[in-house]
Amino acid sequence: MLYEIAKPFVMGVVRVLWNPTISGTENIPEKGPVILASNNQAYSDTVFLPGQVRRSVHFLGKSDIFSGGSPLNRVVAAVMRGLRVMPVDRSGGSASKSAIGAGLAVLERGGVLGIYPEGTRSPDGRLYRGKTGVARFALATGAPIIPVAMKGAFEAQRGRTFFPHRHPRIHAVLGEPVDVEAITAAMQGAEEAKVLRAVTDAVMDRIHALSDQERSEEYANVVKQRMRAAAGRSPGSAESDAAI
């Protein structure tokens with residue numbers, strides 16, 4: 001109920017201030033489970049993407065977004081909860097299993113799950129290596145994977161933590177579903193890890209084709225750790241390698 005109340009209000013404000021656009025929404029099935037696999041350019045992605053999709057979208061978002069006692073932190077946390085962003089502890093181990101369980105529950109109810117295969121926001125606007133959680137969700141539930149490219153978000157967010165600049169305009173592009181069945185059929189008899197990697201790489205290839213981003217074969221969190229170390233900060237302060 002909160003989602004239905006919050007979404008029109010939040011998006012009304014968003015459209016007045018930023019006027020984001022979207023294309024390819026016809027690729028989302030009218031009903032049934034579906035996975036929206038998006039690049040992650042900025043915090044605002046988690047508002048601008050689901051806010052423009054007609055169906056309710058449940059996003060897995062890092063728990064850090066919901067922490068902090070400042071008025072701004074509380075406002076951001078309230079907006080995220082209103083848009084059905086689910087806080088996830090990405091410290092690994094049992095926390096990662098909890099995140100996977102939360103995502104599976106959404107899909108098993110026939111819902112729409114939003115996920116960032118890169119595992120964290122891009123530190124420099126490039127597209128990074130995907131984690132295999134998106135493939136696990138698809139293979140476990142049969143849900144189609146819709147690749148998504150958020151364009152302009154990195155540039156609009158530059159220099160700001162939560163609220164992006166008004167220019168450039170942020171545009172979401174939704175592509176046709178990734179043919180997971182064809183990939184798994186071609187790899188029949190292969191080890192699970194290889195199948196998961198092949199599906200994930202296919203998803204990232206599609207996101208890359210839609211976004212035209214420069215691409216890196218490294219994991220984004222590894223690059224962030226290196227950047228923090230170069231800046232004299234403890235590597236332990238970097239975002240951990242999430243299993244999803």
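**Rings, charges and a helix**

Modeller: Gladly, and please keep in mind that this is a predicted model. Let me begin with a charge over a ring: arginine 121 lies over the face of tyrosine 43, at 4.0 Å from the ring centre.

Biologist: Which ring does the charged end of lysine 131 sit over?

Modeller: That one is the ring of tyrosine 219, and the charged end of lysine 131 is 4.6 Å from the centre of that ring.

Biologist: OK, and how many aromatic pairs does the structure hold?

Modeller: The structure holds 2 aromatic pairs. In one of them, tryptophan 18 and phenylalanine 48 have ring centres 5.7 Å apart and planes at 50°, so the pair is tilted.

Biologist: Why does that pair tie together parts that are apart in sequence?

Modeller: Because tryptophan 18 belongs to the loop between helix H1 (2-17) and strand S1 (21-23), whereas phenylalanine 48 is in helix H2 (residues 45-51), the pair links parts that are 30 residues apart in sequence.

Biologist: Is tryptophan 18 buried or exposed? And phenylalanine 48, buried or exposed?

Modeller: Tryptophan 18 counts as buried at 14% relative accessibility, and phenylalanine 48 counts as buried too, at 3%.

Biologist: Switching topic, which residues are buried in helix H5?

Modeller: In H5, which covers residues 133-141, the buried ones are Gly133, Val134, Ala135, Phe137 and Ala138. Just after that helix, glycine 142 takes a positive phi of about 80°.

Biologist: And the chain overall, how many helices and strands?

Modeller: The chain has 9 helices and 7 strands, and buried residues make up 50% of its 244 residues.

Definitions and conventions: Residues numbered from 1 in each chain as written. Predicted model: local features only at pLDDT ≥ 70, side-chain atom pairs only at ≥ 80, totals over all residues. Heavy atoms only, no water. Phe/Tyr/Trp six-rings, centres within 6.5 Å; stacked < 30°, edge-to-face > 60°. Helix = DSSP H or I, 4+ residues; strand = E, 2+ residues; numbered from the N terminus. Buried < 20%, exposed > 50% of the residue type's maximum accessible area, 1.4 Å probe, protein only. Lys NZ or Arg CZ within 6 Å of the ring centre and 35° of its normal.
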